[in-house]
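Take a walk through this protein model, one region at a time. Keep the sequence at hand as you go.

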Amino acid sequence: MNALVIDVFEFCRLKDRQEGEVAVADLPRLASEVAGDSGVIIWSLQGGSDNAGHPRLLLEISGAVKLSCQRCLGSLDFAISSSAKLVIATDEEEADRIDEVLADDDTDVIVGTKTLLILDLIEDEALLSIPASVKHDICPDAGSAVLDAVKKPSAFAALKDLKR
């Protein structure tokens, strides 16, 4: 079986751990949301159980992607650093019951399978961690635009000269 496909219940029961890195280009949904598919996401996944005995995954991801600045449309480096706590349920009904009693807003409940794709979890977490709209603090070409505006005489200054 592929190392990136796990039986999530067995993975949690054994308190297994996997880690690695994946190219942004290998995550098609993420690659379609970023400016270019260069970059790498480093990840680690730890199985275990929560205080109530439910299977639980701890996922941590980090890396860098390029996003498009909403002001100048230029490329902007964005650092991804995120972690997720996922409680595993056997079906939707159990997921709803666990979610109702869960006192932790930082924990999500998902339905587990015997063939869980780790890359799907990584991609979901990466997509959730990038903002919908980003801007440079100061756009790279903004300085030249300001200088050009300063050099050009104001239309009101020309009118003032005509008034004299």
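A residue counts as buried when its relative accessible area is under 20%, and as exposed when that area is over 50%. The model is a predicted one. Start with helix H3, residues 92–101. Its buried residues are Glu94, Ala95 and Ile98. Seen down the axis of H3, these fall within an arc of 100°, so they line one face of the helix. That buried side packs against strand S5 (75–89) and strand S6 (107–111). The face of H3 turned away from it carries the exposed residues Glu92, Glu93, Arg97 and Glu100. Look also at the start of H3. There, a side-chain oxygen of Asp91 comes within 3.3 Å of the backbone nitrogen of Glu93.

Now turn to the interior. In soluble globular proteins, nonpolar side chains tend to be buried together. Here the largest nonpolar core has 30 residues. Those with the most contacts inside this core are Leu30, Ile41, Leu45, Leu57, Ile61, Val65 and Ile122. Helix H1 (8–13), H2, strand S3 (40–49), strand S4 (55–68), S5 and H4 each give two or more residues to the core. Another core, of five residues, lies apart from it; Val87, Ala89, Ile98 and Val109 are among them. Ile98 is also one of the buried residues of H3.

Setting aside neighbours within four places, Leu45 is in contact with residues including Ile6, Phe11, Leu57, Leu59, Ile118 and Leu121. Its partners also include Asp16, Arg17 and Gln18.

Next comes helix H4, residues 118–129. H4 has 12 residues and spans 17 Å from its first C-alpha to its last, close to the expected 16 Å. Its buried residues are Ile118, Leu121, Ile122, Glu123, Glu125, Ala126 and Ser129.

What does Glu33 touch, beyond its neighbours within four places in sequence? Its contacts are Leu67, Leu127 and Ile130. Glu33 sits in helix H2, residues 28–33. It counts as exposed because its relative accessibility is 52%. Glu33 and Ile130 are 97 residues apart along the chain, yet their C-alpha atoms are separated by 9.1 Å.

End with His136, in the loop between H4 and helix H5 (142–151). Is His136 buried or exposed? At 12% relative accessibility, it counts as buried. Not counting residues up to four places away, His136 touches Cys69, Arg71, Cys72, Gly74, Ser75 and Leu76.

Methods:
Residues are numbered from 1 along each chain as its sequence is written. This is a predicted model: local features need pLDDT of at least 70, side-chain atom pairs count only at pLDDT 80 or more; totals for chains, interfaces and linings use all residues. Side-chain values use heavy atoms; hydrogens and water are left out. Helices (H or I, at least four residues) and strands (E, at least two) are DSSP runs, numbered from the N terminus. Buried means under 20% relative accessible area, exposed over 50%, partly exposed in between (1.4 Å probe, protein chains only). Contact means heavy atoms within 4.5 Å. The expected span of a helix is 1.5 Å times one less than its number of residues. The arc is that of the directions from the helix axis to the C-beta atoms. A polar contact is a pair of N or O atoms within 3.5 Å; within protein, one must be able to donate a hydrogen and the other to accept it, and residues adjacent in sequence count only if both atoms are side-chain atoms. A nonpolar core is a set of buried Ala, Val, Leu, Ile, Met, Phe, Trp, Tyr and Cys residues joined through side-chain atoms within 4.5 Å.
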